[in-house]
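Please keep the sequence and the model side by side while reading.

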Amino acid sequence: QEIDSQTHISNWDGYVDWRNRPAITNRHGGLLAASFVLGVEVLENLAFLANASNLVLYFSEYMHFSPTTSANCVTNFMGTAFLLALLGGFLSDAFFTTYYIYLISSLIEFLGLVVLTIQSRSSSLKPPKCDQGVPDIPCEQVHGAQAAMLFIGLYLVALGVGGIKGSLPPHGAEQFDETTPQGRKQRSTFFNYFVFCLSFGGLIAVTFVVWVEDNKGWQWGFGIATLAIFLSIPIFLAGSPFYRNKIPRGSPLTTISKVLIAALLNSRASRNSSTAIASIGSSPTAIQTVKEGGQNPNSKNVESIDTPSRSLGFLNRAVSDAPACSALECTVQQVEEVKIVLKLFPVFACTIMLNCCLAQLNTFSVHQAATMNTKLGSLKVPPASLPIFPVLFIMILAPVYDHFIIPFARRLTKTEMGISHLQRIGIGLFLSIVAMAVAALVEIKRKGVTTDSGLIDSAKPLPITFFWIAFQYLFLGSADLFVLAGLLEFCFSEAPVSMRSLATSLSWASLAIGYYLSSVIVSIVNSVTGISKHKPWLSGSNLNHYHLERFYWLMCILSALNFMHYLFWATKYKYRSRSTK
């Protein structure tokens, strides 16, 4: 605290403004600061999804990759972008603030999009056009310097997207005072509307920008994405006077590694001298800590803990009077912080299965819709526009959840949160089971219509509306909202302050692993079902000969097993403070 012009001014402890001066409580942070982040997220996700949702066509039609190679390139690009969110989160925690990581990352993405826009405009930077119907002139796949330019641009975008995803959500969440009930409620609202804005940007991308790319040319699609990320920078900068930025506290990976190595070496070096461990049994502080789930209810962080808690007791060996190496000397606070991070991992792992389901429905559901009647009055809806359904459901559900469901739950349960983070994730995982069951039932109905109409080997549209597919999207869109917003808030609020950006990035890593794993599951299913001269469930060019309903039932069963696995960990988890219960 400082006296300025005889006015009592209090500072945010551990936070600075954009000029690196202490952040002031009544001037920095709050809803106004977070609203700039929400506006930026609309443009950021528009720029990312404008290309990602339609990129497979660009690779096949203009760069002349095969359909399989095109799909793999897009999957690798998406997966890499989401995994790089871990890098963005790590750098935000360790060396830079989320403020600077966002600015650096948006400039990197802008540079990548400029490269892709230039290439798409210039015919000399692309392979020559070819006619698929003329076999005498083979299509030349992009290679050499042209391929280098394509992938440099693409992976600059992936690096930028990763940095933004790893820094923007925690930057917005850091604007709220978590020591007050109002601050925690506003932070919860922020995460709801973050997913809403993410979906709004996606909606513009998969409708307007995709239409521009298909009808006006890819240079216009890339140009719109470039303009969107360029405009996001001054909007973000406009909030600079209002932001409070968390001061980086050094590498969280160093702390985690040091505690793990120290626990391993100390157990070998001095099995008989574990003063800290011996004191646990009789220490009232330790017992209180365990009961409160790793945090004294009267403290904000774990700094006041004098002895390690009993959970994950093998890590307590890192606290020793005679460490195996002086560089590996650990404090109780560091050990407790690492325990908190390790306890997040089972919850994170259980969300991967939902993202597998999302990936499957984004591919097979589009193929299903392509065989059905896609007319909406006189308008023919392209099957590739089906992602509009889950996006619209999320945009409707997010405000309903925040303004109606949560206030009702708070009155009903008499708790601050109404629905806890883990309950919210659990609801989402349960809805994913329902989504896969509905998908299986819709496919059974579709195949029934195919058989009754005698159109099994015909390319004609089936006499059944594609709106049946909307049911599985309804449940899956709802599941995605519950799990993504719940996991973002859970990881941010539960992680130690020094590791929050990295922990929040786990939500995006779950998405990446889910996409990668979905491809593995399809390959395994085809390998197993193709044994003994049987036809694999998911092979061939005609979807009517697939056993897609069996595959959906399998995904439903796997989701149910995953849900039971989640319940085991969720019931064992102890929150750091009562406020999140």
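Which side chain meets that of Glu-443 in a salt bridge? The partner is Arg-446, at 2.9 Å from N to O, where a salt bridge means a side-chain nitrogen of Lys or Arg within 4 Å of a carboxyl oxygen of Asp or Glu. Because Glu-443 and Arg-446 are three residues apart in helix H15, about one helical turn separates them. Glu-443 counts as buried at 0% relative accessibility, and Arg-446 is likewise buried at 0%; buried means under 20% relative accessible area, exposed over 50% and partly exposed in between, with a 1.4 Å probe and protein chains only.

## How the model is read

This is a predicted model, in which local features need pLDDT of at least 70 and side-chain atom pairs count only at pLDDT 80 or more, while totals for chains, interfaces and linings use all residues. Residues are numbered from 1 along each chain as its sequence is written, and side-chain values use heavy atoms, leaving out hydrogens and water.

The structure holds 10 salt bridges. One of them joins the side chains of Asp-93 and Lys-246 at 2.8 Å, N to O, and it links distant parts of the chain, since Asp-93 belongs to helix H4 (residues 85-94) and Lys-246 to strand E5 (residues 245-246), 153 residues apart. Helices (H or I, at least four residues) and strands (E, at least two) are DSSP runs numbered from the N terminus. Asp-93 is buried at 0% relative accessibility, and Lys-246 is buried with a relative accessible area of 4%.

Another salt bridge is formed by the side chains of Arg-184 and Glu-416, at 2.8 Å from N to O. Arg-184 lies in helix H7 (residues 181-215), whereas Glu-416 lies in the loop between helix H14 (388-413) and helix H15 (421-453), so the pair ties together parts that are 232 residues apart in sequence. Arg-184 is buried with a relative accessible area of 12%, and Glu-416 is buried with 18%.

## Where H7 meets H16

Arg-184 also takes part in a contact between helices (heavy atoms within 4.5 Å). In this contact, residues of H7 including Arg-184, Phe-191 and Val-195 meet residues of H16 including Leu-481, Leu-488 and Phe-492. By class, the contact of H7 with H16 has eight nonpolar, three polar and three charged residues, where Ala, Val, Leu, Ile, Met, Phe, Trp, Tyr, Cys and Pro count as nonpolar, Asp, Glu, Lys and Arg as charged, and the others, Gly among them, as polar.
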